[in-house]
Amino acid sequence: MKKPKSKQKKAKLKVRQGRVLVVTSGKGGVGKTTSTAALGAALAQNGQKVVVVDFDVGLRNLDLVMGAERRVIFDLINVIKGEAKLAQALIRDKRVDTLSLLPASQSRDKDSLTEEGVARVIAELRDQFDWVICDSPAGIEIGATLAMRHADVAVVVVNPEVSSIRDADRIIGMLDAKTVRAEKGHRIDKHLLLTRYDPSRARRGEIMKVEDVLEILSIPLLAVVPESREVLRSSNVGAPVTLGSPS
């Protein structure tokens, strides 16, 4: 008698998906876009495949900071509405080939963002990149809520001022309530990025001290970025500060 052939079990390869990081705050002008570009460039330089996504529909500044404003043909809204493929809208950085940009639209408004469309685009980006870094607009309207909706990690950017910190506290509450992870009973890893910090002004009581900010917001400190001409210069010349001034 012939022995029955043993069934070979096919090993299932688990595809590792990229992580989604949102750079957010409640107040405008604290350095979200500059920080998004700097984080994206730093991760890409370390061998990670990174895409930075501009959610500030109607304004669009991330392309300027990335030095790619003249290369924008299609944008996030074109992809969401099916007017362009994701590959057509992605702009690969000329300096670091593992870094890409998905720009926002200047001609549409934030109502063009849909929850289904954003979910589809984020899922597609997860399959292609190690890190998907979402540059959130300020405030708590639809652009900001959709930018954080699928986040695994959040970097909350604040200036050492009462209004910035109060608004950031509201954003932390939203991260714990209005994201996919929150709805599934999980928490998002949240980190604080304190920008435009001047120790001498803090000593004089003109701005809040680092320890006071940490006591109010109660999330781990990622970094303190001092007031720096290099940060301003990098934005003006279209080069993330971690590329133009690595130190």
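This is a predicted model: local features need pLDDT of at least 70, side-chain atom pairs count only at pLDDT 80 or more; totals for chains, interfaces and linings use all residues.
Residues are numbered from 1 along each chain as its sequence is written, and side-chain values use heavy atoms, with hydrogens and water left out. Helices (H or I, at least four residues) and strands (E, at least two) are DSSP runs, numbered from the N terminus.

**The nonpolar cores**

- A nonpolar core here is a set of buried Ala, Val, Leu, Ile, Met, Phe, Trp, Tyr and Cys residues joined through side-chain atoms within 4.5 Å.
- "Buried" means under 20% relative accessible area, "exposed" over 50%, and "partly exposed" in between (1.4 Å probe, protein chains only).
- The largest core has 46 residues, and F55, L102, L113, L125 and L217 have the most contacts inside it.
- Helix α7 (residues 162-175) gives this core its largest share, six residues.
- Setting aside residues up to four places away in sequence, L125 touches V51, V53, L86, L90, L102 and V132; contact means heavy atoms within 4.5 Å.
- There's also a second, separate core of 24 residues, with V23, A41, A44 and V52 among them.

**The second largest pocket**

- A pocket is an open set of points on a 1 Å grid over the protein atoms alone, where a 1.4 Å probe fits, with protein on both sides within 12 Å along at least five of seven lines; lining residues have an atom within 4 Å of a point.
- Its lining includes H150, D152 and H186, and α5 provides the largest share, four residues.
- By class, the lining has five nonpolar, two polar and four charged residues; Ala, Val, Leu, Ile, Met, Phe, Trp, Tyr, Cys and Pro count as nonpolar, Asp, Glu, Lys and Arg as charged, and the others, Gly among them, as polar.

**S25, tucked into a loop**

- You'll find S25 in the loop between β1 (19-24) and α1 (32-45).
- S25 counts as buried because its relative accessibility is 1%.
- Leaving out neighbours within four places in sequence, S25 is in contact with residues including P137, G139 and I171.

**Two arginines with positive phi**

- R60, in the loop between β2 (50-54) and α2 (62-65), has a phi near 60°, a positive value in a residue other than glycine.
- R196 is in strand β7 (residues 189-197), and its phi is near 55°, again positive.
- R60 counts as buried because its relative accessibility is 12%, while R196, at 47%, counts as partly exposed.
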